[in-house]
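Colleague: Please take a close look at the charged side-chain pairs in this model. Which residues meet, and how exposed are they?

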Amino acid sequence: MTLHVLGSVNIDHVYRVPHAPGPGETLADQGYARGLGGKGANQALAAARAGAAVRFVGAIGADGGWTRHHLASTGVAVDHLAQVSEATGHAVILVEPCGENRIIIHGGANRALPASLIDAALSAARPGDWWLSQNETTRVHESFVAARAAGLRTAYAAAPFDAAAAEAVLDGLDLLALNEGEAAALETHLGQPLAALPVTHVLLTLGAQGARLISGAPGARTVLEVPAFPVTPIDTTGAGDCFLGVALAGLDHGLEAAEALRRAAAAAAIQVTRPGAAGALPDVTEIDAFLAERA
Ligand code: ADP
C-alpha cells in the first residue's frame, strides 16, 4: 500500500545573530544554515526512511528544486509535488546567543496548491491506502472528503494547532494524532474528552512519557499504552512527526498497532538523541538495531 502525504515543504533559513535587530537596524549574522522542514515533508521522510511507499502531494516554487530532489532521493514519490509561481514555503529563524528564537513563516506555495492537485493524486491511489495531512497547507478538508470517498484511510495531525481546522476535519477520520498541548486545546474547544471524538483511533503522544492509542467506537474504547524508550534527548524537534510517520509506515505495512507504535517509539527515541529534525530521522536498519538492542 502507499502513504499519500498532503503537506508542507518549508525551507528553514537559520541565522545566528548577536541580538535581535531593533527598529531600523541592519545586522550581520554570525552563521547561516539551510534545511528542509515543514511538517508534511518531515512526516513523509520519516515514513519513507522507515520503509513505507510514500507519495508527496504539495507544492513548491521555482526556488525549491533541491527540496524535490531531497524528497526523491529519500525514496518519496514526487510526481504530485506541483511547481507554482509562489515562492517555496519558508521560515526565517533568528537564533540569539541565549537560544531565544524569532521566526517568520512564509506559507508561499504551501498555501497556493493547484485546484486539480487532490484529484490528480487520488487517481494514482488505491482503496486501503493511507491519506495523511496536517495544518500547513490549503485543501486539507476537501482532500479528506475526496480520499474517504475513494476508499482511503485518513490520518490527520492537528498541528500547528488550529481549533476550527481540527473541528472541521474530525468526523470520520481513521486516525487523529496530537500531542499533550494540542489534545488539551482541542478538548477545551470542543468541551469533550478525546475518547468521545468521532474518529476510529486517537493517537496521543506524551513526550518522554510515551504515547497512548485510544481505539474503537465512542463508548466502547480500548486503550493501548506505548512506553517511550529511556534515552538522553539532545533535541526533541520533530519527535511527533517522526513518531507519526513511522507509525503509519508500520500500519500501512500491515503491522498490528502495538508493533507499529513500538517501532515509532524506537524511531522517535533515536531521533531525539540527534540534532535537527529531518536530518535526524533514523532508517529501517537503525530502528531494527535499536529494537534488537533493547529487546
Ligand atoms: P511533539 O513533537 O509533537 O510534541 P512528543 O513530544 O509527544 O511530540 O513526542 C512524540 C514521541 O517521541 C513520544 O510519544 C515518544 O515516543 C518520543 N519522545 C519524545 N521525547 C522523548 C524523550 N525525551 N525520550 C524518549 N522518547 C521521546
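Modeller: Arg139 is partly exposed, at 24% relative accessibility. Partly exposed lies between buried, under 20% relative accessible area, and exposed, over 50% (1.4 Å probe, protein chains only). The model is predicted: local features need pLDDT of at least 70, side-chain atom pairs count only at pLDDT 80 or more, and totals for chains, interfaces and linings use all residues. Residues are numbered from 1 along each chain as its sequence is written, and side-chain values use heavy atoms, with hydrogens and water left out.

Arg139 has a partner in Glu142: the two form a salt bridge, with the closest N and O atoms 3.3 Å apart. The term means a side-chain nitrogen of Lys or Arg within 4 Å of a carboxyl oxygen of Asp or Glu. Glu142 is also partly exposed, with a relative accessible area of 37%. By this rule the count is 9 salt bridges.

Next, Asp288 and Arg263. Their closest N and O atoms are 2.8 Å apart, again a salt bridge. Asp288 sits in helix H9 and Arg263 in helix H8 (residues 257-271), so this pair ties together parts 25 residues apart in sequence. Helices here are DSSP runs (H or I, at least four residues), strands likewise (E, at least two), numbered from the N terminus. Asp288 is partly exposed, with a relative accessible area of 38%. Arg263 is buried, at 14%. Salt bridges with shared partners also join Arg49, Arg274 and Glu286 into one network.

Arg49 lies in helix H1 (residues 39-49) and Glu286 in helix H9 (residues 284-294), so the pair ties together parts 237 residues apart in sequence. Arg49 is partly exposed, with a relative accessible area of 30%. Glu286 is partly exposed too, at 29%.

Now a brief look at the sheet. It is open, has 4 strands in the order S3-S2-S6-S7, and its pairing is mixed. Pairing requires that DSSP finds at least two bridges between two strands. Strands S3 (31-37) and S7 (101-106) stand at the edges with a single partner strand each, so one side of each is left without a neighbour in the sheet. Strand S6 (residues 90-95) pairs with S7 in the antiparallel sense over 6 bridges. Val92 stands opposite Ile104 in S7.
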